[in-house]
Amino acid sequence: MITLTDIERSAYKNVWVVAEVLAGNIEAVTHELLGAARELADARGSEVWAVVMGSGVTEQAGSLAAFGADRVVVVDDPQLTDFVDEVEAEVLVRLIEKHKPEILICGATTRGRALIPRVAVITNCGLTADCTGLAIDSDTGDLLQTRPAFGGNIMATIRCSNHRPQMATVRPRVMAAPDAQEGRQAEIITEPLNQNDTRQLKKILEVFHSDETAVNLADADVIVAGGRGVKGREGFDLLRQLAARLGGAVGASRAAVDAGWIPYAHQVGQTGQTVQTKVYIACGISGQIQHLVGMQSSDLIIAIDKDPDTPLMQMADVAVVGDLFEIVPELIRAIPKL
Amino acid sequence: MKIVVCIKQVPATNDAKIDPETKRIIREGLKAILNPFDTYALEEAIQLRDQFGGEVIALSMGPPKAEAVLREAISLGVDSAILLSDRAYGGSDTWATSYALSRAIDTIGGVDLVLCGKQAVDGDTAQVGPGIAAHLDWMQATYVMAVDEVQDAGMTVKRMHEDGYDVCEVPFPAVMTVVKGINTPRVPTLKGRLASLKIDIPVWKPADIGADVERLGLDGSPTRVVKTQPPPPRSSSTKRIEGSPEECANALLHELRLRSIV
């Protein structure tokens, strides 16, 4: 393994946040990471840099500055319109070699989790996935990365002493976004796309953004989830109404997905998504272990079920014994309209 | 088409019990199973072979007992299997694991497509698939939810994202990781089970794959786990609400107000 000497390591400075841009807008996870990066940079006496790649993204630099970036590296090119892992990885590797960041963090989204592992291998760097905690070791100055494994049943703290940059992905909504400071300025560093960056260019034929915000489980403060007890597609319409009233997303157990009542993108659990939300409302979900590992890290778990003895009713913080088809409509009525 | 499917043996959570105090899964004494996501990668590989010809090779790295998941792959219809097992591989992080697997894929030779599950359910990193692609300098597609078209030169696939999907053309050779929705895995046939008992599964050591041992195992891993601990326990008490639908709804509303959701 190629390791760095102390002198080589000291050449690496600053904390980088790789921005996530969707449909021309900076995603919330980037703002959250800028907040985390600020604390790390302060502990290291260094700067926060944001890297933004895309088409027409130059105008986003101001928003990155407002959330705490001291410098913004902009790579703005029409060939970066869609997400091509290989091209963004080439660009990032080149920028890392040129500017030598000490720490690099990115959202643990489908895009971040495709891009950063590629970059980590090419640059001979360690990478920790899905971190829930980042801190600087006061003795060594190393980044201490804490992450859940085995469905959140164990927390591991990971360090990467001999390689730079130290890389981590962080799930959306784990870190708190700082308040935006309008008018805060950052130095803009414009970098071109090189010819070699696009040597592996796969063609993106179509991009489909769902209008249904209810599917974005990762970003939701509230998830209203349904299982076998929801009985069918119509039952999920009821859950959608509740989710919409609460500004939340709709989740589902594997049983409901396998029955064809709701698409797989909504599945929470071992073979679906792992969520960590403020409030998880489980309606008619018995709570197989495979479901529990996907949602047990939520702050407040509410279960609604006729059967008071299901595993989920036992583990929930609040267990409501009753018919979800009677209780959910009452709840929708009781919630004040915005 | 020559397809390699990378699979992993992981602890099973099926029989797990919840600790009544911490409300978390008791990990001790769990059986070892094939990573659930890998069953979709195996099924996709078998379907592609049956439709377009070629062969499917299952590849795993792990202790000698990981051979069990390779035999399971054979029982499903995979043509052959290879196990990477040696002390030198032990303690590998995702960098070193993807290096070892990439060396094995290079040694197999002539591979068009590598399929992996989107992640393993024990580590949950999703880093090994893209890591293999990077080591091989191949192109990649992650979170693949559908194969739309297969041509001689590559494949057109749908990649799942949080906010929808995209459709991309990926030239061969390529590495793809698949999600659950892509297919419905088959169950083993009797013939498959018999084949899985008979087949000889070669064990490849670092020298067999031309791997630099300094890039394997703990020494070859940039990351170090410095400590592990249980997560903060959940409160062990459950607040039970019973009554008329209206009373239940009002009690729930109160809980949501406490959390500033409403």
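Colleague: How many salt bridges are there between chain A and chain B?

Modeller: In this predicted model, the count between chain A and chain B is 5 salt bridges. One of them is formed by Asp258(A) with Lys180(B). The closest N and O atoms of Asp258(A) and Lys180(B) are 3.2 Å apart.

Colleague: And which residues make up the side of chain A that touches chain B: how many are nonpolar, polar and charged?

Modeller: On that side of chain A, 51 residues are nonpolar, 23 are polar and 19 are charged.

Colleague: How many residue pairs are in polar contact across that interface?

Modeller: Across the interface of chain A and chain B, 39 residue pairs are in polar contact, counting pairs with both residues at pLDDT 80 or more.

Colleague: How many residues does each chain bring to the contact?

Modeller: Chain A contributes 93 residues to the contact, and chain B contributes 88 residues.

Colleague: What area do the two chains bury between them?

Modeller: About 8000 Å² is buried between chain A and chain B. Carbon and sulfur atoms account for 57% of that area.

Colleague: Why quote an area at all?

Modeller: The accessible area lost when the parts come together is often given as the size of an interface.

Colleague: Turning to strands, which strand of chain B is joined to strand 10 of chain A?

Modeller: Strand 10 of chain A, residues 154-159, is joined by 5 bridges to strand 12 of chain B, residues 224-229. These two strands run antiparallel.

Colleague: Which residue in strand 12 of chain B is the bridge partner of Met155(A)?

Modeller: The bridge partner of Met155(A) is Gln229(B).

Colleague: Now for chain A by itself. What domains does the assignment give?

Modeller: The domain assignment of chain A gives domain 1, covering 6-198, and domain 2, covering 213-332. Taken over C-alpha atoms, the centres of these two domains of chain A are separated by 33 Å.

Colleague: How many residues of each domain take part in the contact between them?

Modeller: In chain A, domain 1 supplies 9 residues and domain 2 supplies 10 residues. The area buried between the two domains is about 740 Å², with 35% of it from carbon and sulfur atoms.

Colleague: Which residues form a salt bridge there, and how many are counted?

Modeller: The count between domain 1 and domain 2 of chain A is 1 salt bridge. Asp221(A) forms a salt bridge with Arg173(A), with 2.4 Å between the closest N and O atoms.

Colleague: What about the residue types on the domain 1 side?

Modeller: The side of domain 1 of chain A that touches domain 2 has 2 nonpolar, 4 polar and 3 charged residues.

How values were computed. Residues numbered from 1 in each chain as written. Chains lettered and ligands numbered in written order. Predicted model: local features only at pLDDT ≥ 70, side-chain atom pairs only at ≥ 80, totals over all residues. Heavy atoms only, no water. Contact = heavy atoms within 4.5 Å. Buried area = accessible area lost by both parts, 1.4 Å probe. Salt bridge = Lys/Arg side-chain N within 4 Å of Asp/Glu carboxyl O. Polar contact = N/O pair within 3.5 Å; in protein donor to acceptor, adjacent residues only side chain to side chain. Nonpolar A, V, L, I, M, F, W, Y, C, P; charged D, E, K, R; others polar. Pairing = 2+ DSSP bridges. Helix = DSSP H or I, 4+ residues; strand = E, 2+ residues; numbered from the N terminus. Domains from an automatic or database assignment.
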